[in-house]
Every structure is written in structure tokens, then in C-alpha cells.
Amino acid sequence: METKVCEKCGKTVPVETFRFVKVNVSATQSTSYSGRKQITTTTTYEQFDGVCRADFCADCIKKKRLFTAIEYFVIGLVAGFGLPFLIFLLFSGKDFFNSNAGTLALISLGIGLVGGIIGFAVGMKEQAAFLAGSILDGKRKGTRHIPVAKGIYDNKQGTPALDLFTRRSNLKTNVGLMIFSQFIATGLGDILVDTLLAKETASPDEKVSEIVANILAQNAVSAAVAPKSAPADTVSETPKDNNL
């Protein structure tokens, strides 16, 4: 680890460097009516906004991992307690529920604790690249930082998996497909970020696919690179019907 300034604490300490693709994300809602039904449509906008590097020290990553684990614990505890208790309330019958409320609450609490412990364990295993990206997301609102380190989206066979990338990145448009095709599937994510930064061309209209092709040629790597998608895209979520 090199000694640089940590992005989080600002101290000059040994740090690890992480590389990201930046995506601007926003959403709008529109409302229409069909008879007496109100239909709300949410449209998500995503735009490739270049790349960046960020340095984080081990202590800041550890603190973020612990905070994430506690957050997952709380979510698991609340969900694990609330859902079973609600099911008991709705389906056990009023008399049975009233006479056994304490026992049912303890059972729900036990389920909640199990869910919380599982959530905590998952949080403590979170990879440093995703933790670093989450820190940056919090500092730069409206921008999602997608880590591109080799291997972090691999499936059990050791191959980059689009479904895993989609779940972890939470990108919903063709921007996500472009990032996966160019940065992840090729295994050149870190190299491509450094190349774009060196060329000072990490902008939304950068011809990423051409740079990837050049890198592949220079390194004599055989890979299929998908055509460059539009730098921005939108997606509309399923309309929600709300009775007036």
C-alpha cells in the first residue's frame, strides 16, 4: 500500500487505491388517471459520467464495513421480527393471538435475531471496493460509483456475471450493459480507468469501446467487445395503481 491522502479521513497514511466508473442517476415521477385510478410512473435516468480513482486507508474501510454490518443487522432484525409477527396477527385468529401474544412476540424476536445475525455476517464480508464506492456515493449525491476491479463480479465459475453485476450496481438501463461489456467482461476495468484518466478524456461522450479495442490489441488479448451504447438512457418502472 502506498502512502497517500485518504479520501475519507484526510490523513496521509498507507492507502489502497480503488477505481470506479461514475454514473449520474436521477428519477422523475409522472401521474396520470384512468377512470378513478391514479397511475404513478417513475422514470429512472442514468448517464455515464467518466471515471475516477480514490484512495482509502484500512481504518476507514474497516469502520465502513462495521457500520454496514450494523446496518444490515438492524434491517435483518426489523424484517425478521416484523414479518412473522404480522403473519401471526393476520392469520392466527384474534382469540389465539390475544392469548399467546407474548409467546408469538418472542418467536418473532428469535427469528429477527437470526435475520440480524445473518445480515451482520454478510456486512462483515463486504468487499473493500464496494465499501469505498459506498463512501463516495455518500459524499457525491446523485452519482453512483461502480467499482471495476477484476474478479469482484465473478460467478462460482470465475467468469464475470452480468446478473451479479446488475444486482450489485443497481443500474437499470443500457448504461449498465455498456459498463459491464467494456470494463467488466474484458477484465480491463482498472487499466481502462487509468487510461481514460491519463488521456484526460473521461467524459460522457468518450468512445470507450475504441479505447478498449486498442488496449486489447496492444495486450494481444482476444475478447468480444460489445458496440458502444448510448451514454445516457432511461427506464420506466411498472406503473403503480393507487385507488382514489
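Modeller: Angles between axes under 35 degrees count as roughly parallel, over 145 as roughly antiparallel, 65 to 115 as roughly perpendicular and the rest as oblique. This is a predicted model, in which local features need pLDDT of at least 70, side-chain atom pairs count only at pLDDT 80 or more, and totals for chains, interfaces and linings use all residues. Residues are numbered from 1 along each chain as its sequence is written, and side-chain values use heavy atoms, without hydrogens and water.

Biologist: Why are H1 and H3 called roughly antiparallel?

Modeller: The axes of helix H1 (residues 58–91) and helix H3 (residues 101–124) cross at roughly 150° and come within 6 Å. H1 and H3 are therefore roughly antiparallel to each other.

Biologist: What makes Phe165 and Phe180 a tilted pair?

Modeller: Rings of Phe, Tyr and Trp (its six-membered ring) pair if their centres lie within 6.5 Å; planes under 30 degrees apart count as stacked, over 60 as edge-to-face and the rest as tilted. The ring centres of Phe165 and Phe180 are 5.6 Å apart and the planes stand at 45°, so the pair is tilted. Phe165 belongs to helix H5 (residues 162–169) and Phe180 to helix H6 (residues 174–184), 15 residues apart.

Biologist: Why does Phe165 count as buried?

Modeller: Buried means under 20% relative accessible area, exposed over 50%, and partly exposed in between (1.4 Å probe, protein chains only). Phe165 has 1% relative accessibility and therefore counts as buried. Phe180 is also buried, because its relative accessible area is 9%.

Biologist: Which residues do ring pairs link into a cluster?

Modeller: The cluster consists of Phe130, Tyr153, Phe165 and Phe180.

Technical notes. Axes fitted to C-alpha atoms, helices over the stretch in contact; angles between N-to-C directions. Helix = DSSP H or I, 4+ residues; strand = E, 2+ residues; numbered from the N terminus.
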